[in-house]
Amino acid sequence: MAGEEDILAHLQQTLSSDPENPSNHFNLGIFLWKKGDIVGGDESKDFKSRAAEHFLASARLNPGDSAAFRILGHYYSAVVVDTQRAIKCYQRALSLSPDDFEAGDALCDLLDVNGKESLEIAVCKEASEKSPRAFWAFRRLGYLQVYHKKWEEAVQSLQHAIRGYPACADLWEALGLAYHRLGRLTAAIKSYGRAIELEDSKIFSLIESGNILLMLGSFRKGIELFRHALEVSPHNVSAHFGLASGLLGLSKECASIGAYEWGASLLKDASEITSACSHLSSNFSSVWKLHGDIQIAYAKCLPWENKITSTHIDEGAFKASIIDWKNRCLSAAKKARLLYQRALHLTPWQSNIYADIAITLDLIYSLLERETTDHDTRQLSERMSLGSLIFEGINCDFWVILACVTNDYALKQHALIRGLQLDNSLAVSWAYLGKLYIKLGENHLATRSFDRARSLDPSLALPWAGMSVASHDRNYSLSEAYESCLRAVQIMPLAEFQIGLGMLAAVSGHLLSPQVFSAIRHSIQRSPYYPESHNVHGLICEAWSDYQSAISAYRLARSALRIASLSKDSAKRCLTDVSVNLARALCQAGHMLDAEQECEALNKDGMLNCKGLQIYAVALWKLGKNDQSLHVARNLAKNVSTMEESSCTAAIGLICQLIYRISGLESAISTILKLPGEYLNGAKMSLILSAINALDPNNRLQLLLPTNLSSFGAYDLIIEMHTITATNKMIQNGSEQSLDIHSGVKYLRKVLRLYPDSRLLRNHLGSLILYSGDWLASHIAPRCTVLPTGYPVKTGLKSPFEIHGGAGVACYASCVTRPKWLHQEPWNHEARYLLILNLLQRAREEKFPHIFVLV
Amino acid sequence: MKLAGLKTAENAHDESIWASAWVPATDNRPALLLTGSLDETVRLWRTDELSPAAPPLGGHALGVVSVAAHPSGVVAASASLDSFIRVFDVESNSSIATLEAPPSEVWNMQFEPKGAILAVAGGSSASVKLWDTSSWQLVDSLAIPRQESSRPTDRTGGGKFVLSVAWSPDGKRLACGSMDGTISVFDVHRAKFLHHLEGHFMPVRSLVYSPLDSRVLFSACDDTHVHMYDAEGKNLVASMSGHASWVLSVDASPDGAAIATGSSDRTVRLWDLTMRASVQTMTSHSDQVWSVAFRPPGGTGVRAGRLASVSDDKSISLYDYS
């Protein structure tokens, strides 16, 4: 205290020594002012009034000193409470130095409290025009402009203010808002992001940038921001809402790539979050609507889980699991219906909720379809969609919704055309119109509608799918149909599209395509009650040589068929097809007994068609029941005349093969000779004929063989014919015990000159050379075979790897090829054996005993 | 004046309860409480034990938004979200008539005090529909005149979605409240629009006339206020605040001394009209209170006042009003 007294005395002394110096007055004033701040109560007032006297004196002596005016302003506003005087002092201070943020802010606060907003803006504008460094003015101006929604001007003021206060989170937030409202979304995200960086708990920035991200479709980032916002303020309705809608968006993304399980779990989370949200405030219609949307999405996304893994399929369990799955979907849809009703009850003037209820009702009916088809209840969804149209008759989407929910074809057509009248580039409407025309059998109109829809919006799935259906009676090829269906599935993974794709793949030979595989897997998850999806799945598994899966898929298909409510005739037909497929898969998997049982069961029902007969015959033969097999073959032969051409040759081919295998060469030849000539024309038949002919030393069938090989269209067939001819040559020229390999090699070499790129020929040649025992064989053989890349096609002949391997062993050459072979076919024992053999030989040669351990 | 909680029936419906009304007493039975719910049923309750007076009444395909009882106590009506009104006999639950309106054109409804007409707030039609209660035919439609600014193509009538309707006790006037906050008053006999009452700017979800004075109208609005109007002189008499959220329902006590309101803030409030202030707040509900209803006087030996409130929490609360 003593020090302070000294300073006071000193200051007073300097003042009295030079009373005309304004700085002396000012310094004393500052000292007294500070003292007034320190002490409280009346004493403070006392000090401050004394200080004010000195400031007044200072200001009088030096009217250009803004600081004195500023503090006088403080004095009048805080101590004397004379607003007018305070404002005048501050204004004076500002006119002297517009950068003075203390005076500026204090003045603006005063004006703000007194409601003089326009004056406040004028002050800020004046200061900002006077000095570019009056950042306080820019800041305040920016905020005011944001408040008055003058976004363009606000952006400029705020940007300028940020130069002065780069670490002010509020400024960044306001700038973000201004950008957001101007529609400059990326800039807005950046500004909001900066605000969040500066201040972690900027809830407004978090939520708004989250909303922008959702709008832009980057759901993951948005979700992150909303989660952060919820950490900051756990009861924020907007953050809850944003998080839930982000999850909804993400789940839709998941469902569109087929990750149904994941999508469903996301939706479960979202549903919980919205429940919490609606508990926080139950009168937000939008929250209820969002919850409804989430439930609908859940009903559309929940996958059926195939819990049945064993080969023995319990039909009851299958049925129960499907019913359980359906009920879960149904209860979600029903929940959605209640939630939408709540939303509607709160805001009955929102037309889209009427449409939502209509769609929900439609979904519920489609899930219930197999139980009730009540006409009255069906009308309700129509009625609700009319409700939305009453509000907004000019909304073409509502017309399309009406068309979708109604059952009346005339009304459907009317609504779709009405939609087109309102917006003639409405692709959806054209697409549905096409669908309607297909249903009505107007295929020509349908294709035209689909064409329109496709050219208006190529990213719409329905017209693509529609085109593939409408392909039958136009010159639209099968592969084109497949391609367009594939496009539809890629755009929208709908179970119906996927099954269609699978069926098209089956007839157009695309069963091995991975896209088809995944599409069918997805279709099973979303519509397990369709027997078609299981059946096509089986076909695909068969094509991939996965017979076990194929068998279980066919069994599921059969269970699904029994559950499905089809008409008796069609059910029976489908059941036969599936059973034949099953028998074939069993046959191929080596379960001959099961296959035989399947065929017998079919036979009992009188449903054994020609395909079934073939399988039956093969199964019996494999089981060693030769007589029965021949009996079946004879049955088959009886039906040959009634068959189509393609299945006819297959049947005859099979019969010939069976007779050869069972009764031997002689009876086979005699049977063939007895057959009418027109059956022997096909390419496959010729192969069989030439093979049998090759084995026959007397060449009795020579006459029946086609003379000119190149008359066959197919390239592969010619090659095969040539290899058979080579074998024939070897048999003809060889003795009883051994074949004349050299003549075969000679013939094949000739053919190779004609077809130098044939792998099959090269393989054959390679293996023949190896057999020939020529001392150079091991070097030549690898050179004439080519290692294939990709998936090796299985043939009964030696694969190129094998030849390489054999050659390697023969000459103790490098062991490079064998690990490669082993790598590609790790199940192949022969490869392993050859590799080990090779290593042993090398080890013995180089005397490295430790290799034995490795092996 | 005072409210005292008598009984709360939890889970009275399977879903949120949205509407309630008292069916007046007849010669052979006391007054019954009628409730309508999102679960698509309408139920009748005996007082004071709140036991079901009849099995749940079906007949609706969507949630029930409004119920009304004929002053004779014999007939009642219920309306659902699909805009069908079912008129039924209270004793036997047999349907008397099904009144169909275009979707979204049925909201609240009330019988005329003498019972000759049923007035239905016409939602998006921007009008009040009047149905004759003997022939069950639509007799008139009182349309709110369009404001000049509204475009002719705008079918919503310039935001005039009519949510609520109320009869004056003498049956001469009809008031209806709309989504934009305006209240329109009609002269029923001349079928003429009289004037708007202004002061609200959010949806007016409930209206009631004072039973003693045909000039006094109370309105419940989403702006959290309850207004008291002089419906003839177009004056706002008082604006009463106290609720923390939307006011969803208002009803006037039979003695005309008090009104009760239900709100989104989950409370029921009793307002003293001489003090024009809230005198009591009941917090028996755990979710928003959609409807409050005072029991009309009458019936044998029943003097005590009763107030019922129904809520989104599926419960009904009954209070003694004295």
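These legends describe close-up views of a predicted model.

Local features are given only where pLDDT is at least 70, and side-chain atom pairs count only at pLDDT 80 or more, while totals for chains, interfaces and linings use all residues. Residues are numbered from 1 along each chain as its sequence is written, and chains are lettered from A and ligands numbered from 1 in the order in which they are written.

**View 1. Chain A has 44 helices and zero strands.** Helices (H or I, at least four residues) and strands (E, at least two) are DSSP runs, numbered from the N terminus. Chain A holds 855 residues, and 44% of them count as buried. A residue is buried if 20 or more other C-beta atoms lie within 10 Å of its own, exposed if 12 or fewer, and partly exposed in between; C-beta atoms are placed from the backbone. Among contacts in chain A with a separation of 6 or more, 51% join residues 24 or more positions apart. Two residues are in contact if their C-beta atoms, placed from the backbone, lie within 7 Å.

**View 2. Helix α26 of chain A is largely enclosed by the rest of the structure.** The helix covers residues 495–508. Its 14 residues reach 20 Å from first C-alpha to last, close to the 20 Å expected at 1.5 Å a residue. The expected span is 1.5 Å times one less than the number of residues. Of the 14 residues of α26(A), 10 are buried. Among them are Phe497(A), Ile499(A), Leu501(A), Met503(A) and Leu504(A). Cover for the buried residues includes α24 (461–469), α25 (478–491), α27 (514–526) and α28 (531–543) of chain A. Just after α26(A), Gly509(A) has a positive phi of about 75°.

**View 3. Helix α27 of chain A has a span that agrees with expectation.** Its 13 residues should span 18 Å at 1.5 Å a residue, and the end C-alpha atoms are 19 Å apart. Buried residues of α27(A) include Val516(A), Ala519(A), Ile520(A), His522(A) and Arg526(A). What covers the buried residues of α27(A) includes α15 (260–280), α25, α26 and α28 of chain A.

**View 4. Helices α28 and α30 of chain A are roughly parallel.** Helix α30 covers residues 568–589. The two axes come within 11 Å and cross at roughly 25°. Axes are lines fitted to C-alpha atoms, for helices over the stretch in contact, and angles run from 0 to 180 degrees between N-to-C directions. Angles under 35 degrees count as roughly parallel, over 145 as roughly antiparallel, 65 to 115 as roughly perpendicular and the rest as oblique. The crossing of α28(A) and α30(A) is left-handed. That term applies if the near helix is turned anticlockwise from the far one by less than a right angle; clockwise is right-handed. From α28(A), Pro531(A), Asn535(A), Gly538(A), Leu539(A) and Glu542(A) take part. They meet Cys574(A), Val578(A), Asn581(A) and Ala585(A) of α30(A).

**View 5. Tyr547(A) sits in helix α29 (residues 547–563) of chain A.** Tyr547(A) is partly exposed because 19 other C-beta atoms lie within 10 Å. Leaving out residues up to four places away in sequence, Tyr547(A) touches Glu542(A), Ala585(A), Gln588(A) and Ala589(A). Asp109(A) is 438 residues from Tyr547(A) along the chain, and their C-alpha atoms are separated by 83 Å.

**View 6. Helices α20 (residues 396–405) and α22 (residues 427–440) of chain A pack at about 20°.** Their axes are 10 Å apart. That makes α20(A) roughly parallel to α22(A). The crossing is left-handed. Cys396(A), Val400(A), Ala403(A) and Cys404(A) of α20(A) contact Val428(A), Ser429(A) and Tyr432(A) of α22(A).

**View 7. Two residues other than glycine have positive phi.** Lys149(A) has phi near 60°. Lys149(A) lies in the loop between α8 (135–147) and α9 (151–164) of chain A. With 10 C-beta neighbours inside 10 Å, Lys149(A) counts as exposed. Arg276(B) has phi of about 50°. Arg276(B) lies in the loop between β24 (268–272) and β25 (277–282) of chain B. With 13 C-beta neighbours inside 10 Å, Arg276(B) counts as partly exposed.
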